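Me: I have a model open on my screen and would like to learn how to read it. Could you walk me through a few features?

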Amino acid sequence: MSLKLFSNRRNALAIVVWLGSSVLGAGLATGLAWPSQEAACPSESPGVWAPGSPEARGLGMAALEGDNVVIVDPDGKTRKAFVPPGGAGGLLRHISNAVELGTAYVDDRRGPDTVVIATPDHVFKVREDGEAMHPTWSPSGNVAWSVGGSLRVWSPSDGSVGTIPIPSEGTRAFSPVFMAPDEITAVVEEPVPGTNAEDDTLDNLWRYELDTQSWARLTSFEADAERWSVIRTPVLAPDGTLRFVRIQGLASATESPSYELWSLGEGAALKIRDLPSEMYLAAVSDAGLMWNTPGDAPGDWRLVLEGQDGTTSDVGCGRVAVDPVAEPDPDMLAEPGPGQPSGARRGLQEPPVPDASTQAPLAILVGDFNTLEAAEVVARQLSEQLEDPATVSVIDHRGHPTAIRPGVWAAVVQIPAGADPEAELARFRTLFPELAQMSWIVTP
Amino acid sequence: MGSPSDRTRWLGWLLATALTVAVVSGLVAYPLAARASHMYGWVHDHSSAGIPPRPQGLSGLIATFGQHCNDRANDARSYWPSQSARNVSGYIYYHPYIGRNVGYNIRSHIEAAHKNGAVDYGVYGYNCRLISGSTKYSTHAFGAAIDTNSYRNPMGQSYWNGIGANGINYYRYIPDVWRGGYPGHNFYWGLNFSTRPDPMHFQYVTGY
C-alpha cells in the first residue's frame, strides 16, 4: 500500500485526512444505515439551459439522468432537470462542471463520440474518432478527457485540441483530473502477464506535467492474473487531496470484489476505509462526499450524499462519472443473426450436419481424480446415495475429450432430460457438500 | 479345377486378391474409424436448450445469468486445446445457461471436425472483472462470454486473424462456429463493437 513520500508536511496532511475519514467511516459502519431509496427514477420535466444562467455558469453539481442534465445543490436538498446544452443526442455519459467555467459531457453514439463543452455563453462540440470518456475541467478553463490510448486537452482560447500520449508503461489512461492548471493526474492501466487487455487487471495513478511533458507514477499497486486491483472515479477534494475508489478482487472468485475509499495527498496514497458495497465517487465538497450507488432496479444509479457528520441522504437518480448501463450501449448493438453470410473462404466451410431438435445430455461431473480407483470410489458413493444408480459412471478423456483432460478420471451423474441443470447441481451440492468445490455441469 | 499348376495359380490369385482387399479396406476404414472413434453420433443440439434465447441489455443479462460474479456464473466447464498457452490445453468455465451451446455445440463441433488446431491461445471464460476504464462489469463476470485465439486477436484489432495453433490459416472458421454463418450458435462477436473492436470476444448478450 504505499507509496512515495515527499515531505513531512504532506505526510502530516495525509495522516489528518486518514484519521478524520477513519472516524467518519467508523461512525458510518457502527450506526448509520444507508438511506432507503425511492422505488424507481421518475421522469423529470426539463427546463431550458439558458446562456448565462446559474446552470450554464457551472453552479451546483451536474449529473445525468436519462436524456437530461440534472443540477443538484451541494447539500443535496434541491435538484432541477434541464435539456442538455448540446441538445438531444445519443447516450449521454460522464459529466463534469466547474464554477464560472461550464459543463462538459460525452454524447455517446454508435461509432465516433462527441465531447460537448458548454461554457457560460457558448456550446462547443468536439467529435472524436472513437470512444471518449471522463471530461474534466482545469482551473483555467481547459477541458481534458480520455480516448483510451491518449488524453486530449481542449483550450478555451482558440478551441484547439492537443493530445497527451499515455506513459509507455501503460496500455490505456482514463479519468484525468487537473490537480493544477499545468498538472493532470490520471488512472493508467498497466499490463499484467497472463491476462489479455480486454478487462481491467491493474491500475495506478500517474501525474503528467504539461510544462515538461513527462509522466510520473504516484502509486504502486500490484496485481497478477488472478488478483486484480483497479482504480475508479478519482475526484479532487477541497483540501487538495485526490479521493478515489480502489476495487480489488479475484478473477476466479464468485463473490463481490471489495470497494475501498482512498486518498492521495501529494504523493502518499492512504486507504481511508472499506466501503460497504459497490459505490463510486461523484463529487467531494465541503458538504461531504457525493456517491453514485446502484439503485434497486437494474441499471439505475442513485446519488447519495454522505455529510461531514456521516449522515447520508438519497438525492435521487443521476450519474456523474459512472457508466450508464440501463440503456443499450450504442456501440454494442446486435449484428445480423445466424445464417447471414459471414465471408468465410470457400472450401473451409463445414459440410452440412443435420440439426437435432433433441436436447444434448448434460451431466454433473465430479473430478478430477488422478486415479481410476479414486473416481470409482466416489462413483460408488454417489450410486449408493442417489435414487437412480444407473445414472452414475466414470469417464476419462479418451471417451469424453471435450469434458475432461487426459490422464485423469471423473465421476459423472446424468441430469434427467428436461430437468433444470442449475437446480440439479444445487441439489447435488446440498446432498454432497464435500464435493461442491469439484462439481460442474458438463456435456459428456 | 485342372492341373496342379492351374490350382496353384488360382490359389495365388485368390491370396493376392484377398490381400489387396484387406489392404484397401484397411486404408479406407482406418481414418474413418479414427474420425468416428471419440465423437461418433455427434450432431448439433439446435433445440431451444442448445441455443437458448440471447438476452438484450443489462436487465436481460441479469434476468438470465444473475448478478455479476454470482456463484452460478462458473458452474459449467469444458476442455479446450491451446487454452492457457499454445498447445497447452485446459478448462474454461461459464454459466450453465450456455452450457450446452459452448460445451456441446461449439466445442464438440470443433472436436468432431478435427480442427482443434484452429484454436489458438488463450481461451478464457468466467472472469470477475470490470471492463477496462469503466464501472460496468465485463460480460465474463456473468459467465456469458468466451475469449478465443486471444493473442492473435487482441482488443482493438479490427480484423480476425484465423491462424491456428498449428500455423494453418482457418480464416473465419472459429468465428463462424461461435456466431453466425453456418451453423450459427448465436454468440455476438466483439469484432462488431463499433469503437473498440474485440475480435477474440464472443458474448451471449447484446446491448451490453
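This is a predicted model: local features need pLDDT of at least 70, side-chain atom pairs count only at pLDDT 80 or more; totals for chains, interfaces and linings use all residues.

Me: What share of the residues in chain B is buried?

Reply: A residue is called buried if 20 or more other C-beta atoms lie within 10 Å of its own. By that count, 53% of the 208 residues in chain B are buried.

Me: Which elements of chain B have the lowest and the highest mean pLDDT?

Reply: Think of pLDDT as the predictor's confidence in each residue, from 0 to 100. For chain B the mean is 85, and 84% of the residues reach 70 or more. Among its elements, helix 1 (residues 4-36) of chain B has the lowest mean, 58, while strand 3 (residues 145-147) of chain B has the highest, 97. Across residues 26-37 of chain B the pLDDT is below 50, and this stretch has one contact in the model beyond near neighbours in sequence. For the complex, the predictor gives an ipTM of 0.83 and a pTM of 0.84.

Me: Now chain A. In what order do the strands of the open sheet come?

Reply: In general, strands of a sheet pair through backbone hydrogen bonds, either parallel or antiparallel. In chain A, an open sheet of four strands has the order 20-21-22-23, with antiparallel pairing. Strand 20 (280-285) and strand 23 of chain A are at the edges with a single partner strand each, so one side of each has no neighbour in the sheet. On average, neighbouring strands of this sheet are turned by 25° against each other, direction ignored. Between strand 21 (residues 288-294) and strand 22 (residues 301-307) of chain A there are seven bridges; A:Asn292, for example, has A:Leu303 in strand 22 as its bridge partner.

Me: And where does A:Pro330 lie?

Reply: A:Pro330 sits in the loop between strand 23 (312-317) and strand 24 (363-369) of chain A. With 16 other C-beta atoms within 10 Å, A:Pro330 is partly exposed.

Me: Which residues is A:Pro330 in contact with, leaving aside its neighbours within four places in sequence?

Reply: They are A:Gly90, A:Leu91, A:Asp108, A:Arg109 and A:Arg110. A:Arg110 is 220 residues from A:Pro330 in sequence, yet their C-alpha atoms are 4.7 Å apart in space.

Methods: Residues are numbered from 1 along each chain as its sequence is written. Chains are lettered from A and ligands numbered from 1 in the order in which they are written. A residue is buried if 20 or more other C-beta atoms lie within 10 Å of its own, exposed if 12 or fewer, and partly exposed in between; C-beta atoms are placed from the backbone. Helices (H or I, at least four residues) and strands (E, at least two) are DSSP runs, numbered from the N terminus. Two residues are in contact if their C-beta atoms, placed from the backbone, lie within 7 Å. Two strands pair if DSSP finds at least two bridges between them. Axes are lines fitted to C-alpha atoms, for helices over the stretch in contact, and angles run from 0 to 180 degrees between N-to-C directions.
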